[in-house]
Amino acid sequence: MAEHAKMPLNIMLAGFGGQGILFAGKLIAYAGMIDGHEISWLPSYGPEMRGGTANCSVCLSDEAIGSPLVTEPDVLIAMNLPSYERFIDSVKPGGVVIVDETMVGACTMRPDIEYHPVPATEIAENSGLKGLANVLLVGKMLAVTGFSSEKTLHAAIEKSVSAKHLDLIDLNRKAIALGAGIPDSDACTA
Amino acid sequence: MVEKVLMKGNEALAEAALRAGCRFFFGYPITPQTELAAYMAKRMPKAGGVYLQAESEVAAINMVYGASAAGARVMTSSSSPGVSLKGEGISYMIGADLPAVIINVQRGGPGLGGIQPSQADYWMATRAAGHGDGHVIVFAPSTVQEMADLVASAFELGDRYRVPVMILADGMLGQMMEPVALPEPIDSRSLPEKEWATNGHGGKRTHNIVNSLYLVAQQLEDTVVERSQRYARIKDEEQLAETYLTEDAEVVLVAYGAAARISRTAVAKARELGIKAGLIRPVTLWPFPVDTIETVIPVAKSFLTVELSMGQMVEDVRLAVNGRSPVSFFGHTGGVIPTPDEVLVAIQKAAMGEQFDLVPYHTRLTGGAR
């Protein structure tokens, strides 16, 4: 994908409840807002969140946003296999798919999308960033799509991390930088 | 410029109420509006107000009655089944001429229904919020910014006309986050005194009575007729609607809230296909913006109402259009969200001169651009 993402950019993030799907979406939304885009953030809510899958639609646009529900994502971030299976077919042709390979462990058969598997959970755990695989994947999305800048994401982190957990700001920043630098794994190359 | 913050619609409603001088909140939790009550629980005590989780929705609305009778700015919030429960109290407040702001973050119905976004309470809000000859003013926000902005308007109109005011949102608007510039807080001491309130006055005047019981028929008729004259003024002066590309529109969509957002995208797509489509988005549902409908009548060849219901507001559109153009309907219900492409198919049909009522499972609809 291009150095600077084209607007509108519709993003679907999905995974297990507890993986930080909604937080990752919020980071992207805040970054979009700081960059001056129109943005919307819509979580799935209800019974599916209790121990099941959680997902989150984020829209970045330079025009007023209509439906905040993303049905054909330009970018899919999938953090577990059920979410990958549920949303992979909905991705727009030419779209970007970033998966946490540690949790998904599947390779797409779709030739018409950009597929970026990264073992985010494993790398996060080995790097003292346990629980921040979600933010790592936002860093990867930044590198792949150029939807914002690392500077903006740092500001977004400051706005999104609650005042009670200021110590997490640095860790989140590290996770962004680490994620932006991770190459695609070769798990899905023939 | 005020710095924008990212907030859920439910939180924006709560913060805006605090800034509009609301110092009393009585509620009972229900998805998808619970964040509103949770926000109030946290913030209201710090603002020097009263937050109380009542034992039921019925109790909550009667606490609202009490606080309003004493002259306070007061709010309650719930979602569809909970608002049904409040119906009795809302009717009593209408009958006692008490202002308050009542939030309905709609979910699918009837019955317990579901918890996903819906607009199936249009009739309840605009026709029968409770028994008797009465109305509440109904606002329908469609962005988180509007969730914040309309709260102040709701309190103002409620106080001006002495009527309860409902903000009819839905689960999508309640749960989603968008940037919002919050209104400046008002100094509630600057609000005009409510001369009718049953508050303490140190023996300076005769006592006020707040009541909705009139056992003499003529007295009851007199109060209802006087109130209806206020309703007539509200219909004249308080209609609100937004238009989008309606100047030359041959197919005019009418949609509010979440459905209006989806319709707006569909209208833009229709324009790309060369179809002259436009959108009227009612911001007040009662009074219904008949004057705005009137402005597009000379050019419009057909109307298309889009709702997250089986078709409720479409009746008000038909009354306003009054047979001068065909009025079609498209909707999903039960928490299913229509896609812009589905609405686009309906626009294409309307543009070809068809008149229809399209609801889910009409296979002929899914054959198109979906």
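In strand S7 of chain B, Leu168(B) is the bridge partner of Asn104(B). The two strands concerned, S5 (residues 100-106) and S7 (residues 164-170) of chain B, run parallel and are joined by 7 bridges. Strands count as paired if DSSP finds at least two bridges between them; helices (H or I, at least four residues) and strands (E, at least two) are DSSP runs, numbered from the N terminus. The model is predicted, and local features need pLDDT of at least 70, side-chain atom pairs count only at pLDDT 80 or more, and totals for chains, interfaces and linings use all residues. Residues are numbered from 1 along each chain as its sequence is written, while chains are lettered from A and ligands numbered from 1 in the order in which they are written.

S5 and S7 belong to an open sheet of 7 strands in chain B, with the order S3-S2-S4-S5-S7-S6-S12 and mixed pairing. Strand S3 (50-53) and strand S12 (284-286) of chain B stand at the edges with a single partner strand each, so one side of each has no neighbour in the sheet. On average, neighbouring strands of this sheet are turned by 20° against each other, direction ignored. Helix H2 (residues 34-43) of chain B lies across S2, S3, S4 and S5 of chain B and runs at about 135° to S3(B). Such angles run from 0 to 180 degrees between N-to-C directions, with axes fitted to C-alpha atoms, for helices over the stretch in contact. In the loop between S2 and H2 of chain B is Pro32(B), and the peptide bond from Thr31(B) to Pro32(B) is cis, with omega near 5°.

The axes of helix H1 (residues 9-19) and helix H6 (residues 144-161) of chain B come within 8 Å and cross at roughly 25°. H1(B) is therefore roughly parallel to H6(B), a term for angles under 35 degrees. Among the residues that meet are Leu13(B) and Ala16(B) in H1(B), and Met147(B) and Val151(B) in H6(B); contact requires C-beta atoms, placed from the backbone, within 7 Å. With 18 C-beta neighbours inside 10 Å, Arg162(B) counts as partly exposed (buried means 20 or more other C-beta atoms within 10 Å, exposed 12 or fewer, partly exposed in between).

A second open sheet in chain B has 6 strands in the order S9-S11-S10-S13-S14-S15, again with mixed pairing. Its edges are S9 (241-244) and S15 (357-358) of chain B, each with a single partner strand, so one side of each is left without a neighbour. S10 (residues 251-254) and S11 (residues 277-282) of chain B pair in the parallel sense over 4 bridges, and Leu253(B) stands opposite Leu279(B) in S11(B). Helix H9 (residues 257-272) of chain B lies across S9, S10, S11 and S13 of chain B, at about 165° to S11(B). Helix H11 (residues 313-321) of chain B lies across S10, S13 and S14 of chain B, at about 160° to S13(B). In the loop between H11 and S14 of chain B is Asn322(B), which has a positive phi of about 55° although it is not a glycine; Asn322(B) is exposed, with 12 other C-beta atoms within 10 Å.

Between the chains, 15 residues of chain A are in contact with 19 residues of chain B. S2(A) gives the most to the side of chain A that touches chain B, with 5 residues.

Technical notes. Two residues are in contact if their C-beta atoms, placed from the backbone, lie within 7 Å. Angles under 35 degrees count as roughly parallel, over 145 as roughly antiparallel, 65 to 115 as roughly perpendicular and the rest as oblique.
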